[in-house]
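Keep the picture handy as you read.

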Amino acid sequence: MYRQEEPEINIDKLIARLKSMFGFLGKDGDGKGKGIGPTFLFGALSVILLLWLATGIFTVQPGEQAALKLLGQYSSTKGTGLQWWWPSPIGARDVVRIDEVRTIEVGIRGDTPVLSESIMITGDTNIVDVQLLVQYDIKNLKNYLYKVVSPDGSTLKDAIESSLRQVVGSGPIDDVLTDKKEDVQMATKSKLQSILDKYESGIRVREVKLLNVFAPEQVKDAFDDVVRAREDKERIVNLAEAYKEDILPKARGQASRMLQEAEGTRQKSISESTGEAESFLAI
């Protein structure tokens, strides 16, 4: 996920080795020191400088980015490939994998519930236990590293918990328990991304998923009674709808038949009356 680049050449060890070499070259056969010529000293310093500059060469792998700092201040971001930047102590670089999908859980850690995070109140004043999983990656390395303290730690967890509580607290308990889980997830994702963008965290939310949603143990019995009552209501309504769908077609058919019979009787009466009138007129 994150790796601090270290120079491949140890400058301190190199200087110590050169000093020992200079000490050896600077002694005559009697062991007395001789002065080192300026040309040789300049050449040695040039070699040290080149080796120091060479430690600034580094590679950014696919899916990674390197944030570069000059004298402790952010300078730029480099992408994939062979790169060079000022070595320490003038410059520094932080190479981070930005395409890795990271996850964080709220309300649960592995198989262990965290009630302080998961217990919340719905819009209709019910208590519900909600456990959530969030997947995210990095969309802005500069903001991710330097704008927010612990962007994918306490900052992200607090933002997730705040977003989820706002969404759950704005609707009835049925929304998060039954048929509107997808809407809750989408609303939480949108609100969370808005908060993280406001913080300039550099994080992109990829997915928000409800893991487990249920009533707390303290009110589970009462909640189960409510659920059973609601199920009974739905069952009775469905039976009534089925009865209605059975009776109405029969009633419509009977009414249509009676209308047809009445129309036939009317036409028969009209025909008989018309015939009698014509007979009377003929006489």
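## Who touches whom

Before we start, one term: two residues are in contact when they have heavy atoms within 4.5 Å. Also keep in mind that this is a predicted model.

Now find Q193, which sits in helix α7 (residues 181-199). Leaving aside residues up to four places away in sequence, Q193 touches K139, I203, R204 and V205. Is Q193 buried or exposed? Its relative accessibility is 15%, and because buried means under 20%, Q193 counts as buried.

Next up is helix α2, covering residues 38-54.

Which residues of α2 are buried? They are A44, I48 and W52. Look down the axis of α2 and its buried residues fall within an arc of 80°, so they line one face of the helix.

Now for the surface. I57, L70, L71, L82, W84, W86 and I90 make a nonpolar surface patch of about 670 Å².

Let's pick out one of them, W86. Where is W86 found? Look in the loop between β5 (81-84) and β6 (91-97). The relative accessible area of W86 is 34%; that lies between the 20% and 50% cut-offs, so W86 is called partly exposed.

Key. Residues are numbered from 1 along each chain as its sequence is written. This is a predicted model: local features need pLDDT of at least 70, side-chain atom pairs count only at pLDDT 80 or more; totals for chains, interfaces and linings use all residues. Side-chain values use heavy atoms; hydrogens and water are left out. Helices (H or I, at least four residues) and strands (E, at least two) are DSSP runs, numbered from the N terminus. The expected span of a helix is 1.5 Å times one less than its number of residues. Buried means under 20% relative accessible area, exposed over 50%, partly exposed in between (1.4 Å probe, protein chains only). The arc is that of the directions from the helix axis to the C-beta atoms. Patches are made of residues with over 30% relative accessible area and no salt bridge: like charges are joined within 9 Å, nonpolar side chains (Val, Leu, Ile, Met, Phe, Trp, Tyr) within 5 Å. Accessible areas come from the Shrake-Rupley method with a 1.4 Å probe; for residues, only the protein chains shown count as cover. A salt bridge is a side-chain nitrogen of Lys or Arg within 4 Å of a carboxyl oxygen of Asp or Glu.
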